Amino acid sequence: MNKQYGHFDDRAREYVITDPATPWPWINYLGTEDFFSLISNTAGGYCFCRDAKFRRILRYRYNGVPMDDGGRYFYIREADGTVWNPGWKPCKTPLDSYECCHGMGYTRIRGRKDALDAEVLFFVPPGRRCEVHKVTLTNRGAAVREFHLFSFVEWCLWNAATDMENFQRNLSTGEVEIEGSTLYHKTEYRERRDHYAFYGVNAQADGFDTDRETFIGMYNGFDAPQNVLAGRPGNSLAHGWSPIASHCFHLRLEPGESRTLIFVLGYVENPPEHKFAPDGSIDKTRAHELLEAFDSTEKADAAFAELGRYWEGLLSRFQVESGCPELDRMVNIWNQYQCMVTFNMSRSASFFESGIGRGMGFRDSNQDLAGFVHQIPDRARQRILDIAATQFPDGGCYHQYQPLTRRGNDGIGGGFNDDPLWLIFGTVAYIRETGDFGILDEPVPFDNAPGTEVPLLEHLRISFRHVTDNLGPHGLPLIGRADWNDCLNLNCFSDNPDESFQTTENKTGGSQAESLMIAGLFVYTGRAFAELLGRIGQDAAPVLQAVEDTERAVRENGWDGEWFLRAYDYFGRKIGSHENAEGQIFIESQGWCTMARIGAEEGLCDRALDSARRLLDSEHGLVLNQPAYSRYYIEYGEISSYPEGYKENAGIFCHNNPWIIIGEALAGRADDAWEHYCKISPAFIRDQRLHKVEPYVYCQMVAGKDAARPGEGKNSWLTGTAAWNWHTVTEFLLGIHPEYDGLRIKPCLPAQRFPEYRVHRHFRDADYDLTIRNTGRGGSHFIPYSPGYHQLTIEL
Ligand code: BGC
Ligand code: NOJ
């Protein structure tokens, strides 16, 4: 039996970690609107408001040694000098028991030592800009227990990037204020900032510290703060250097007695005219309101119950009972949850994304929509309009935009020629879910410039045209800087290690580099676009013509004999062909061209899927390409910079396995589809140590068969994998397709394993309870939309 670090508790919708020394910090996210936190199973991590780079509240050191040091720590200092933490870290004093439950928007950590129970519940109350830390200490022993409790957080000086590099300034700017038991962080508030943070508690503390060096000591670590060891707070006032917030309580518990303290870690923005109190200190009115909102256990509990209702409301919109617990827990809980996290975070802040580099991706955000549109259609609508407003008049796009300003930026490049098509993909997903054709009339500017507004529909048209305006010599779409595969940089020819492949010069002039992935995506979304145009009474013929032309180009110039080619390079030479020495077959074009059913009648799709299975499949999923590149190819770019089996060079990209699964489902090959699904679904992970990252969410990449440790996961949480697996499992395996006028039921699951299953689907103003008898015969059943409650049994 492989070592297990935890298990699912489906009824509580929790993942329960029972060993704190997980192979990598296993994290959770708190927050629902604009205040968000990352929290590991030992309480590491940080929080921010709206923007992980510019409004970072807690300091965090990525890639530190030891890993994941810093967070919100509670230290218990016993009378005999022993110091321990309920979450084991940072002191790592052995505990008698430890448990961390990551739930929907909350994390509960419990530690017990010598009959003292310490439980900390961390959550962000809906609608509030704060973390609540509900600490409950219970003496389960027979004797009176006296001890000190210390809280601890370390402030980030707001800009997470300069906080890590501009020390000549930073070490002089830190400022705090103290009022009762509330410790305020107000660095830079005197000048241009209108925001501050605070850490308060609903009881009179016996002391505090706000200066890190006083609290920890110059030569100590988080695991041995000198004031904790001494059992004595320093009541320090930080001036520059590194401000922190720590409370100290001297507690005494009778046998059986319990004490609960509610800590609030909050963030406040003040209007300019209310920045300061008459005495020149910060205006604390809003902080007082926030503290008062959680100044009793009852109030904290009520907010926690509200959080539970919030998640119940979101998750209950799609529920399945399939008879397969792994499938059920992914669909009902974790896959939906992860989709909401990608909505909130995009690719900005995780334990693999530092929160300072990447804003919201144009491509990523559109794909993410398919994962959460059924949960939060209104917010999905706004997201589409925000994204579209960053587009250029010629249909091209910034590759990302910053959530704080909603403006595009080229921090990670531009000119990726697949980008525009994702706007069609996302908008179609939204309208199918909601029936809201009105969004197409919304005026949306270009590059956020006032006065340039055109209806959203025009943005879709120019997105489509951006492809037809940029065709290469084989009649296939030009790739631009790259397509979905950011690392297939066919026009870059970089020999300078000091430049990024994503942003360096891109020699598109004269390039013949074409993409079969974009071709498949174009045919697939083009058909959907044509259907949409037909729906609103517009002429779809030119769109269908362009789609047909591309299909022909793929059949004539994109078929390698047993599979679809991947691309043509700058010079017009094949990539992803049996003629190549390495990189003979790629997953992306097999996925998209089979999703688009190009050449299906001639058997191309079945053959491409067979080839993918034969050449790309492995124990842990389908790898991206084979054979992996074993050296750097200047004409291919970043893909060949990765060692074999990692990332885009033959890693298992869990993001694009679903494209093959959809291809299999559309080909009616249920067994193959299911097998591919199981290999990448976290619920089926057996070897948690090998997998390393969280076993409850998808990761972007699992090391491929050429890697040193095939099966080792990386880059968990923030990945299009969440949305794609959701889209795939709900629509193509369980077969519940939202269409403009209703739901189409078209399952593709092995009939023997899934003879019958039930789905609850909330759809617009209707609720459907469906029993699906899955005979495996194929076919589909259409349920016209009508508001109200419907119970149906469907045999297919
Ligand atoms: C990664 C890609 C990522 C790109 C853009 C590359 O280094 O391998 O997965 O999309 O950077 O940030
Ligand atoms: C991660 C990026 O966020 C995504 O946009 C890209 O498609 C994949 N990497 C593949 O390169």
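**Close-up views of a predicted protein–ligand model**

View 1. A residue counts as near a molecule or strand if one of its heavy atoms lies within 4 Å of it. Nonpolar covers Ala, Val, Leu, Ile, Met, Phe, Trp, Tyr, Cys and Pro; charged covers Asp, Glu, Lys and Arg; the others, Gly among them, are polar. A polar side-chain atom of R363 sits 2.8 Å from an oxygen atom of ligand 2. At W484, a polar backbone atom is 2.5 Å from an oxygen atom of the ligand. Q700 places a polar side-chain atom 3.5 Å from a nitrogen atom of ligand 2. The protein covers 94% of the 300 Å² of accessible area that ligand 2 has on its own. Accessible areas come from the Shrake-Rupley method with a 1.4 Å probe; for residues, only the protein chains shown count as cover.

Residues are numbered from 1 along each chain as its sequence is written, while chains are lettered from A and ligands numbered from 1 in the order in which they are written. Local features need pLDDT of at least 70, side-chain atom pairs count only at pLDDT 80 or more, and totals for chains, interfaces and linings use all residues; side-chain values use heavy atoms, with hydrogens and water left out.

**View 2. The surroundings of ligand 1.** Around ligand 1 are R358, D486, C487, Q502, E638, Y642, K647, E648 and Q700. The shell has two nonpolar, two polar and five charged residues. An N or O atom in the side chain of D486 is 2.5 Å from an oxygen atom of ligand 1. Y642 has a polar side-chain atom 2.6 Å from an oxygen atom of the ligand. For E648, a polar side-chain atom lies 2.6 Å from an oxygen atom of ligand 1. Of the 310 Å² of accessible area that ligand 1 has on its own, the protein covers 81%.

**View 3. Helix 7, residues 362-372.** Buried means under 20% relative accessible area, exposed over 50%, and partly exposed in between (1.4 Å probe, protein chains only). Helices (H or I, at least four residues) and strands (E, at least two) are DSSP runs, numbered from the N terminus. Among the buried residues of helix 7 are R363 and D364.

**View 4. Helix 16, residues 670-680.** Helix 16 is mostly covered, with eight of its 11 residues buried. These are A670, D672, A673, W674, H676, Y677, C678 and I680. They pack against helix 6 (325-345), helix 14 (604-616), strand 31 (652-653), helix 15 (657-666) and helix 18 (721-733). Contact means heavy atoms within 4.5 Å.

**View 5. S242 and its partners.** S242 is in the loop between helix 3 (226-230) and strand 18 (243-253). S242 is buried, at 6% relative accessible area. Its side chain makes a polar contact with the side chain of R59 (3.4 Å). A polar contact is a pair of N or O atoms within 3.5 Å; within protein, one must be able to donate a hydrogen and the other to accept it, and residues adjacent in sequence count only if both atoms are side-chain atoms. Not counting residues up to four places away in sequence, S242 touches R59, E154, T210, D211 and R212.

**View 6. C49 in strand 5.** C49 lies in strand 5 (residues 45-49). C49 is buried, at 0% relative accessibility. Leaving aside neighbours within four places in sequence, C49 contacts D34, F35, R55, I57, R129 and Y267. The C-alpha atoms of C49 and L404 are 9.7 Å apart, although 355 residues separate the two along the chain.

**View 7. Backbone details.** Most residues other than glycine have a negative phi, and most peptide bonds are trans. The K89 to P90 peptide bond is cis, with omega near 0°. P90 lies in the loop between strand 8 (83-84) and strand 9 (97-103). The Q626 to P627 bond is also cis, with omega near -20°. R13 has a positive phi, near 55°. R13 is buried, with a relative accessible area of 18%. N235 has a positive phi near 45°. At 43% relative accessibility, N235 is partly exposed.
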